[in-house]
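Here is a request to go through the terms used for a protein model and to ask what each of them rests on.

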Amino acid sequence: MSDAKTDTVTYVCYKGDEVTCVGTIRECCEALGVTPDSIQFMASPSGMRRFLGSKTGNASVAVRVPEAVCAR
């Protein structure tokens, strides 16, 4: 995965209430030991619903950080 767009977008990954990593998809994949598809799913509306519907509060989610926030 060497798409310039995915290499510049920043994500914040959470497991429950804890931040597990911050970085590009590639950096998050390396930190969490998952595939790029996993990060993209965690950032999708379906992934967010799974996170919010978790009965244990231990589900993972990724949030895409808007470029305007990263530029500050």
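Q: Why does Leu52 count as exposed?
A: In this predicted model, Leu52 has a relative accessibility of 64%, and since exposed means over 50%, Leu52 counts as exposed. Leu52 lies in helix α3, which spans residues 45-52.

Q: What makes the nonpolar surface patch of about 250 Å²?
A: The patch is made by Met48, Leu52 and Val63; nonpolar side chains are joined into a patch within 5 Å, provided that each residue has over 30% relative accessible area and no salt bridge. Leu52, at 64%, therefore passes the area cut-off of over 30%.

Q: What makes the largest nonpolar core, and which element supplies the largest share?
A: This core has 10 residues, namely Val9, Tyr11, Cys13, Cys21, Ile25, Cys28, Cys29, Ile39, Met42 and Ala62, and because a nonpolar core is a set of buried residues, each of them has under 20% relative accessible area. At least two residues of the core come from each of β1 (10-15), α1 (25-32) and α2 (36-42), with the largest share, 3 residues, coming from α1.

Q: Which residues is Tyr11 in contact with, leaving aside its neighbours within four places in sequence?
A: Contact means heavy atoms within 4.5 Å, and on that basis the partners of Tyr11 include Cys21, Ile25, Cys28 and Ala62, which are also listed in the largest nonpolar core.

Q: How many of the 72 residues of the protein chain, as a percentage, count as buried?
A: The share that counts as buried is 29%, in a chain with 4 helices and 3 strands that follows the pattern β-β-α-α-α-β-α along the sequence.

Terms used. Residues are numbered from 1 along each chain as its sequence is written. This is a predicted model: local features need pLDDT of at least 70, side-chain atom pairs count only at pLDDT 80 or more; totals for chains, interfaces and linings use all residues. Side-chain values use heavy atoms; hydrogens and water are left out. Patches are made of residues with over 30% relative accessible area and no salt bridge: like charges are joined within 9 Å, nonpolar side chains (Val, Leu, Ile, Met, Phe, Trp, Tyr) within 5 Å. Accessible areas come from the Shrake-Rupley method with a 1.4 Å probe; for residues, only the protein chains shown count as cover. A salt bridge is a side-chain nitrogen of Lys or Arg within 4 Å of a carboxyl oxygen of Asp or Glu. Buried means under 20% relative accessible area, exposed over 50%, partly exposed in between (1.4 Å probe, protein chains only). A nonpolar core is a set of buried Ala, Val, Leu, Ile, Met, Phe, Trp, Tyr and Cys residues joined through side-chain atoms within 4.5 Å.
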